[in-house]
Amino acid sequence: MTTSDLDPAQRRQIISDGLAVAVATGAYGISFGAIAVSSGLGVAQTCALSLLVFTGASQFAFVGVIAAGGAPLVGAASGLLLGVRNTLYGLKLAPLLDWHGVRRAAAAHLVIDESTAMSVTRESTAAARIGFLSTGVGVFVLWNLSTLIGAIAGDSIGDPRDYGLDSAVGGAFLALLWPRLRTTRSRLTAVLAAMLALGLIPVTPAGIPVLAAGVVALGLALRGREVTP
């Protein structure tokens, strides 16, 4: 069954749902752009992160480490740990979307929480592909556009501490995390990881608490074999 075989009304509804998710998610890119520039990154560097990394939680983790004075490698490691879940999503999506070769490689860059959620609930490959593409491409375009807007705005407002942007990373990251705490296991994992991070803050360099918390969260998730979109 190809995407053209879908009932037109069903196709329009899936695309509409995907674009609605894209608009809501893409808006966070403005916060990322402003926060990244206020943390010391240039506009080009900020936009490159959204273009090449394209996973919000990992990007916020990276700039959070940089803002706190941590080493870039530690920030990258923190972001990488948070991005591991996308690999698990890919294992679920690969047989469902049934793409191969160049198409599969291109689609891998669009594997995020939102595109996964809009795909795995579909009853056919054709519907899953439409949900994946409408959401993934929509988020990608809007996230990168809003990142540029936020970065330019953040670069022109002066000292970010005057506006409280130096503490905005935590708030933005929490906004991304909160809707995903749907089960008892995920909430327990978040609490344990947060407790470990808070305990390490006074005794370790910047970035290490986030990295350690990420290791704990990843370990508990793999042990429980729980992958929630």
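User: Where is Gln-59 found, in which helix?

Analyst: Gln-59 sits in helix α4, and α4 spans residues 56–67. Helix labels come from DSSP runs (H or I, at least four residues; strands are E, at least two), numbered from the N terminus. Before we go on, this is a predicted model, where local features need pLDDT of at least 70, side-chain atom pairs count only at pLDDT 80 or more, and totals for chains, interfaces and linings use all residues. Residues are numbered from 1 along each chain as its sequence is written, and side-chain values use heavy atoms, with hydrogens and water left out.

User: How many helices and strands does the protein have?

Analyst: Eleven helices and zero strands. Read from the N terminus, the elements go α-α-α-α-α-α-α-α-α-α-α.

User: Back to Gln-59: is it buried or exposed?

Analyst: Burial is read from relative accessible area: buried is under 20%, exposed is over 50%, and partly exposed is in between (1.4 Å probe, protein chains only). Gln-59 has 1% relative accessibility, so it counts as buried. Across the 229 residues of the protein, 37% are buried.

User: Which residues is Gln-59 in contact with, leaving aside neighbours within four places in sequence?

Analyst: A contact needs heavy atoms within 4.5 Å. With those neighbours set aside, Gln-59 touches Phe-32, Leu-49, Ser-50, Val-53, Phe-54 and Trp-143. With Ser-50 there is also a polar contact, side chain to side chain, at 3.0 Å. That term means a pair of N or O atoms within 3.5 Å; within protein, one must be able to donate a hydrogen and the other to accept it, and residues adjacent in sequence count only if both atoms are side-chain atoms. As for spacing, Ser-78 is 19 residues from Gln-59 in sequence, and their C-alpha atoms are 9.4 Å apart.

User: How do I read sequence separation over the protein's contacts?

Analyst: Take the contacts between residues at least 6 apart in sequence: 74% of them join residues at least 24 apart.

User: What is the angle between the axes of α2 and α4?

Analyst: Axes are lines fitted to C-alpha atoms, for helices over the stretch in contact, and angles run from 0 to 180 degrees between N-to-C directions. Helix α2 (residues 28–38) and α4 cross at roughly 20 degrees, and their axes come within 10 Å. That makes the two helices roughly parallel; the scale is under 35 degrees for roughly parallel, over 145 for roughly antiparallel, 65 to 115 for roughly perpendicular, and oblique for the rest. The crossing of α2 past α4 is left-handed, a term for a near helix turned anticlockwise from the far one by less than a right angle (right-handed if clockwise).

User: Which residues of α2 and α4 meet?

Analyst: From α2 you get Tyr-28, Ser-31, Phe-32, Ile-35 and Ala-36, and from α4 Gln-59, Phe-60 and Val-63. By class, that contact has six nonpolar residues, two polar and no charged ones. The classes: Ala, Val, Leu, Ile, Met, Phe, Trp, Tyr, Cys and Pro are nonpolar, Asp, Glu, Lys and Arg are charged, and the others, Gly among them, are polar. The buried residues of α2 include Phe-32, Ile-35 and Ala-36.

User: And how do α1 and α2 pack?

Analyst: Helix α1 (residues 8–26) packs on α2 at about 25 degrees, with the axes 5 Å apart. The pair is therefore roughly parallel. Ala-24, Thr-25 and Gly-26 of α1 make the contact with Tyr-28, Gly-29 and Ile-30 of α2. That splits into three nonpolar residues, three polar and no charged.

User: What should I make of phi values?

Analyst: Most residues other than glycine have a negative phi. Phe-54 has a positive phi, near 50 degrees. Phe-54 lies in the loop between α3 and α4 and is buried at 4% relative accessible area. Asp-98 also has a positive phi, near 55 degrees. Asp-98 is in the loop between α5 and α6 and is partly exposed at 40%.
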